[in-house]
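Here is a friendly walk through a structure, written as numbered points. Keep the 3D view open and look up each part as you come to it.

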Amino acid sequence: MPEPRDLDFPSLFERSRPGRRAARPPRHGEPELEQLLGDGQLRERPPRLPEVSELDLVRHFTQLAHRQFSIDGNVYPLGSCTMKYNPKVHEEAARLFQELHPYQAPETAQGTLQLLFELQRDLGALTGMDAVSLQPAAGAHGELTGILMIRAYHEARGEGDQRRAVIVPDGAHGTNPATASMAGYHVIEVRSDERGEVDLAALRDALGPEVAAVMLTNPNTVGVFETRILEIARLAHDAGAQLYYDGANLNAIVGRVRPGDMGFDVVHLNLHKTFTTPHGGGGPGTGPIGVKSHLADFLPVPLVVATEDGYRMSEDVPRSIGRMRSYYGNVGNLVRAYAYIRSLGLEGLRRVSGHAVLNANYLRVRMQQAGFTVPYERLNMHEFVARPPEGVHTLDVAKALLDYGMHPMTVYFPLTVKEAMMVEPTETESLETLDAYAEALGEILARAKADPEYLEGAPYRTPVRRLDEVTAARQPVLAYPFASDPES
Amino acid sequence: MPYIPHSQDDVRRALEAIGVDSIDALFDELPSSLLNPGIDLPPAMDETSLLAHLRALAAKDSSAGPDFLGGGMRRHFIPAVTPHLALQSEFVTAYTPYQPEVAQGVLQATFEFQTMMTELTGLDVANASLYDGATAVAEAALLAVRQTRRDAVLVSRGVHPETRAVLATYLRPLGVAVETLDLEGGCTPLPASPAEAACVIAQQPNFLGVLEDMRGLAEAAHAAGALLVAAVDPLSLAVLRPPGAYGADVAVGDGQTLGNPSSFGGPSFGFMVVRAAHLRQLPGRLVGQTTDAEGRRAYVLTLQAREQHIRRSKAKSNICSNHQLTALMATVTMAALGPQGLREMAAGSVRQAHRLAERLRAAGARLPLEAPFFNEFVMATRTPPARLRSELARRGVHAGVPVGTEYAFGDAVLLSTTELVTDADLDALLAALRDVGELAGAGAAHA
């Protein structure tokens, strides 16, 4: 008998047998498609989709689920990702609203429209912003929306040609510079100082009449609050630039301080972070944006408005940047975020940020005791950056953690810290879980000293071991290689 | 109860370890003028009151009854098994599969998704998903601009108006010109001189439901050195000629019709499938097959040098989160139905649309287009479209997506069918149309 581990996990295409199937749609007889659709419109051979029984299908996807770490199964302290628990009641909430069609008569969608209208208002209150669009499909999409609005604002003031650059700090998320490029800007990077904050002198030098915006995350990607934020806002505004808030780290401060009060002009939120809509293995996220009143005229269309005849979608935004996506937004996720805000209220959200910061500082202390160092010796916010001792690689520590059933922290980010480990435990983990995480890390360091080769070979107990990523990229196989490949 | 496990003792223990005396003290570095502003939020609700509140809201919505709404989203058959498998909590609560040893579930399912999309479209490489059909078209135009180094695109007016609006938003800041090709008889005429264009973008079936001459458009585009971007309904490809077979270089679209609820417009997912020659320009995540240290087949995110977390300002797109879970809904659905089941859905949908059109014509309705259509068509109306839609809704029928004035039909709506539309639903729509006075020879009293 071979060990199960020695076998390749079967592909769905290998489970396929001609003529099997799991589901049947209603039948309407076989129409004369050629006659109805015209010459040359039909495909000549069917797509090679799997043909499996319902039980085979269930086994396949259930076994795949077992080959997957998740918040529900594992501690998952990825920095800047806010992998907090996703409450089950939100799933029930979302199902109540999922059957609506975007083009049905608005009077038959008043409940959903009211929910969206109230969510616009609540997110505005929480961020200190005057107007909110729920449209963007993800954080990066919200960034693009916000930067395009800033662009339109400068154009309206006759400064569109002059302002060609966006400033981002060296520790910024990769989406910030990528967004600036997509909006047609070039990127100026400013360095951080020895306390992990934006270097004010460098910022002052970089600001000028060609700068359209400064994009910041606060707390920033090393988990440090930009304490001179009011000064930064003043400098940016004095130079005629707009201040953009990347909401990836809002979980640290939600309910306590607001980007709008700090002087930010635009903010995007990652509802899949702070407002705990599920990450779904990589999406769908949702990235609403909020703006100050001077930018409200540039919001994307449509917006939900309240009228005498009820709620409806309005395209009436005088200088709108246009549409950012089809329909109105990822409504399924907007419902979940609404449910979360309504469950917690302001006091609950303040407890979220308080305990998120408490847990992150506690885990930092425990990791320092276990032998890790931190580049910035100060209280951190919801996340912190650490490093393994000299001679131990972050990658090996991360892989060794997998054998404990624990997901690693974010590794090798931010780029400003060598061998960086960015850790964000979130408020929903217990101290016992954090203790166990730190103890596992301590054991791994001890093992690294005693038996370095062991660490380089980790993980050992996962469904597969380290992968050959070089061959994956050099000789890409990006779809199932069918035995015989007929011409399409 | 904001899902926080800490007892009072836990909080004390943690504060002691950190060396501060209260949670608020952790925020001492923040400018005091900013702390604790007045924030006006409704009071917290327990689970029971929350669900009661949400149910009361949902009760103000109505989605029941015969349904003929289309315009890019349609309520197709979703097998019961789909949400059970795709929404297992390991898939729902996982992050992006950056640690492949413990993410083979999401990675392999995504690889299988990519394979199915290449099969449906007849093209070589599919990414792991994009946000929606409209942003997928915009990303395809950007790909064509990078690939050809030209700075204009031609887009058919048959492409969904919201998609064209998104395209304009994305291209304007980059100085790429967008020229619109007017329709003739509901179809896109072959462009006379696409010489300066990076691509021609056409939708199949188009926004009006009409089937385009995609092969002709591909030839015209290629003759001028431009790419053909085909915006397609993936379900239609169970029966229609795949983009790879008519010469498209890029196929994009929205995947809602494959196993996802319409959710008032989102989330669905966008997809992009390209010829191998455009692989390095493809935006978004990509899963590849490889082996692990013991030689077992395994899957991993690959060719990441295209992406923002590696290339930053030089990335092909700023996309990070995609729409993995809704793409998984489609993967399970396609596997549940197989080629035959998917074909039956598409064919049933076509059959009901043609049956509806026939009955409407017989009842005196004016269907202004003669061209072959798929599962959606235009009907000219006497009543202004938004009012007609409301009048029909009042009679329990969801129908009548307004067709914009840019198409010059006067007042007109789109009617669309899926395989879920029964013959009794057709009766109900005709009765409702008679009742509102849309069909000749009958007035309100007649119903």
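1. A definition comes first: two strands pair if DSSP finds at least two bridges between them. Keep in mind as well that this is a predicted model. Now try it on chain A, where strand β8 (residues 303-307) and strand β9 (residues 310-314) run antiparallel and are joined by 5 bridges. Which residue is the bridge partner of Ala306(A) in β9(A)? Look for Tyr311(A), which takes that place. Between β8(A) and β9(A), a hairpin of 2 residues makes the link.

2. Next, the domains of chain A. The domain assignment gives domain 1 as 88-344 and domain 2 as 345-472. Taken over C-alpha atoms, the centres of these two domains of chain A are separated by 29 Å. Where they meet, 20 residues of domain 1 of chain A are in contact with 21 residues of domain 2 of chain A. On the domain 1 side of chain A, the touching residues are 8 nonpolar, 9 polar and 3 charged.

3. A pair of helices in chain A is worth a look. Two packed helices are described by the angle between their axes and the distance between the axes. For helix α5 (residues 139-156) of chain A and helix α6 (residues 175-182) of chain A, the angle is about 45° and the axes are 9 Å apart. This is why α5(A) counts as oblique to α6(A). Their crossing is right-handed. From α5(A), the residues Gly139(A), Ala140(A), Glu143(A), Leu144(A) and Ile147(A) take part, and they meet Thr175(A), Asn176(A), Thr179(A), Ala180(A) and Met182(A) of α6(A). Sorted by class, this contact of α5(A) with α6(A) has 5 nonpolar, 4 polar and 1 charged residues.

4. Chain B has a helix pair to set beside it. Helix α6 (residues 133-148) of chain B packs with helix α7 (residues 161-171) of chain B at an angle of about 45°, and their axes are 8 Å apart. Because of that angle, α6(B) is oblique to α7(B). The crossing of α6(B) past α7(B) is right-handed. Among the residues making the contact are Ala138(B) and Leu142(B) of α6(B), together with Val166(B) and Tyr170(B) of α7(B). The contact of α6(B) with α7(B) divides into 9 nonpolar, 3 polar and 1 charged residues.

5. β1(B) runs antiparallel to strand β7 (residues 270-274) of chain B, with 2 bridges joining them. One place to check is Ala126(B), whose bridge partner in β7(B) is Val273(B).

6. The domains of chain B are assigned as domain 1 (81-332) and domain 2 (338-446). Their centres, taken over C-alpha atoms, are 30 Å apart. The contact draws on 14 residues of domain 1 of chain B and 20 residues of domain 2 of chain B.

7. Finally, look at where the chains meet. How many residues of chain B are in contact with chain A? There are 164, and they touch 171 residues of chain A. Helix α11 (residues 324-362) of chain B gives the largest share of the chain B side, 22 residues. By class, the chain B side that touches chain A has 86 nonpolar, 51 polar and 27 charged residues.

Note on methods: Residues are numbered from 1 along each chain as its sequence is written. Chains are lettered from A and ligands numbered from 1 in the order in which they are written. This is a predicted model: local features need pLDDT of at least 70, side-chain atom pairs count only at pLDDT 80 or more; totals for chains, interfaces and linings use all residues. Axes are lines fitted to C-alpha atoms, for helices over the stretch in contact, and angles run from 0 to 180 degrees between N-to-C directions. Helices (H or I, at least four residues) and strands (E, at least two) are DSSP runs, numbered from the N terminus. Angles under 35 degrees count as roughly parallel, over 145 as roughly antiparallel, 65 to 115 as roughly perpendicular and the rest as oblique. A crossing is left-handed if the near helix is turned anticlockwise from the far one by less than a right angle, and right-handed if clockwise. Two residues are in contact if their C-beta atoms, placed from the backbone, lie within 7 Å. Ala, Val, Leu, Ile, Met, Phe, Trp, Tyr, Cys and Pro count as nonpolar, Asp, Glu, Lys and Arg as charged, and the others, Gly among them, as polar. Domain bounds come from an automatic or database domain assignment.
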